Amino acid sequence: MQGRPASPPSPSRPYRGIFENSTSAEQYPMLSSGSDEVLNKYSPISSRPRRRYLYLGCIGLAITSTLGYFALSVSRTTSTELVQEPTVVDNSTPKVDLLNPSLYLNGPPTRSFRENLRPDVKYLTSWISAGWTNDVMTYINLIYLAMITERVPIIPMFTPSHIGGDKPTINFGEVFDVQRLARGIGIPVLEWHQVKNRSSDALDELGCWNTWEAVQDHEAFPRRSVVPNYLKLDISYTKTPSWIKVIPHFEHDRHAYFWALASLAFPEGRQENLQPPLASPTNHALLPPDDQLLCYDYLYYACAHQPFEFEFDYSPAWRFVGQHLRWTARLEAIAETYVRATLGTPEGSPTPPKYIGIHVRHGDFKNWCGDVPIEDCFASVAVLARRIEDIKTELRESRGMTVDHVIMTSDERDESWWSQVTEQGWYKVDHSGTVERYGAWYPVLIDAVIQSGGVGFLGTDRSTMSILARRRVQSWRNGVVRTVKWGKVGADDH
């Protein structure tokens, strides 16, 4: 995070040089023409000596003035030259190449990850254990924590938690432009497949921090994740101290402070908080948290100031990492073909017109409705339409844009609901052949890109997919965004 600005100077009386004021005999009697007080201390009062000293004084004053003028001229010339001269670049020292993995690894992926780690580099990694959007947030937090601890992040793959465990994983770099990310944040970013060979059968032992037991009381073990299985890691966990938790003894929140976690990355904080580790599940190894490859079991619940920080525009993880996490060119190109098809843009015509994206999440949210009927719990299409008009009005008044196209993305399967959507003149993305064409990951990926591509966006309250889409539209498009409330009749009244 940015540090606070330097404190302003003290507001005490400003400095005023002697010659900024008019001098007077009362203020400075030794400078008045009628006073010989200074001279009388050093010479007898006689006319000739006084003239001699006056003559010598004038010569001295002339010499002093000349030397002072010369010094001032040199000083002015030097300062002018310093301002005008271009910065001299030492070409003998090459710039650090953030995009060259060979500078941060020993070489191509190896059988054991440790064989590929350079002794002069420190790294940081963690695992995911939620739906895809939450996993994106987790990796953003991972990278931000690597930045503030001055380590190189190593990002695992995405796992198919939301599309079925029988589906394949997908590389972080297949979704996001890793090189652009590294340039944006100013540090290198590695992926696990660059470090350890995917086909390796070597089981690597590793010591990691267990944050999960420190922030919640319902599970007496580290956060479970399938990622270490994919990477063939046998992990021995050490429980973190409970003071990492943002709200102590509050069972309804599980967040830890970034800097509390970061303190464990440094020698003193690490040493002071070591506890007996848990045995690894396979080899029963007892290892302290690794110093070179620092790792934490789960970083989704991490924040700088308050829980669920991605909802707020100051979020440092979003500002310093997330907004630089742009889609790959391939994924953007695929999404553009879907936008063109959705809006009926003819072949060979210009890029699709500006549009407003909507993300309506229903699905498992119905479990939060309790005794409230679904039709009363979720915001109606009429409520969505009112919010869309808000967005159109603000775009017209603040941006001078008239936007007529609205693209709906949703997990809703009720055809009568979709009929109401089309009656509004809004468009639906056709994913009928997406899985066959690109794979099981791509319906959700394409929707996410489309949501981020509009000049306006309307999201669903409490949906992390909507939260990230809203952030992207704000950061990337300077767009106008709204979030619709739900849970009861009139929840979004305003």
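Buried residues are those with under 20% relative accessible area. The legends below describe close-up views of a predicted model.

**View 1. Helix α18 and its buried residues.** Helix α18 is mostly covered, with eleven of its 14 residues buried. The buried residues are Thr 464, Met 465, Ser 466, Ile 467, Leu 468, Ala 469, Arg 470, Arg 471, Arg 472, Val 473 and Trp 476. They pack against the helices α3, α11 and α17 and against the strands β9 (355-360), β12 (456-460) and β13 (480-484). The end C-alpha atoms of α18 are 19 Å apart, which agrees with the 20 Å that its 14 residues should span at 1.5 Å a residue. Just after α18, Asn 478 adopts a positive phi of about 50°.

**View 2. The largest pocket and its lining.** The largest pocket holds about 1,500 Å³ of space. Its lining comprises 45 residues, and those nearest the centre are His 359, Arg 361, Asp 411, Val 444 and Met 465. Two or more lining residues come from each of α3 (132-148), β10 (405-410), α15 (415-423), α17 (442-452) and α18 (464-477). Helix α3 provides the largest share, five residues. By residue class, the lining divides into 18 nonpolar, 15 polar and twelve charged residues. Met 465, one of the residues nearest the centre of the pocket, is also among the buried residues of α18.

**View 3. Strand β5 and its pairing with β4.** Strand β5 (residues 233-239) is largely enclosed by the rest of the structure, because six of its seven residues are buried. Strand β4 (residues 204-210) runs parallel to β5, and seven bridges join the two. In one of the pairings, Asp 204 has Leu 233 of β5 as its bridge partner. In a regular strand, side chains alternate between the two faces of the sheet.

View 4. Glu 150 lies in the loop between α3 and β2 (152-155). Although Glu 150 is not a glycine, its phi is positive, at about 60°. The relative accessibility of Glu 150 is 68%, so this residue counts as exposed.

View 5. The loop between β8 (302-303) and α11 (316-320) contains Phe 308. This residue, which is other than glycine, has a positive phi near 50°. Phe 308 has a relative accessible area of 39% and is therefore partly exposed.

Technical notes
Residues numbered from 1 in each chain as written. Predicted model: local features only at pLDDT ≥ 70, side-chain atom pairs only at ≥ 80, totals over all residues. Heavy atoms only, no water. Buried < 20%, exposed > 50% of the residue type's maximum accessible area, 1.4 Å probe, protein only. Helix = DSSP H or I, 4+ residues; strand = E, 2+ residues; numbered from the N terminus. Pairing = 2+ DSSP bridges. 1 Å grid on protein atoms, 1.4 Å probe; cavity = no way out; pocket = protein on both sides within 12 Å on 5 of 7 lines; lining within 4 Å. Points joined across faces, edges and corners; volume = space filled by probe spheres on them. Nonpolar A, V, L, I, M, F, W, Y, C, P; charged D, E, K, R; others polar. Expected span 1.5 Å × (residues − 1). Contact = heavy atoms within 4.5 Å.
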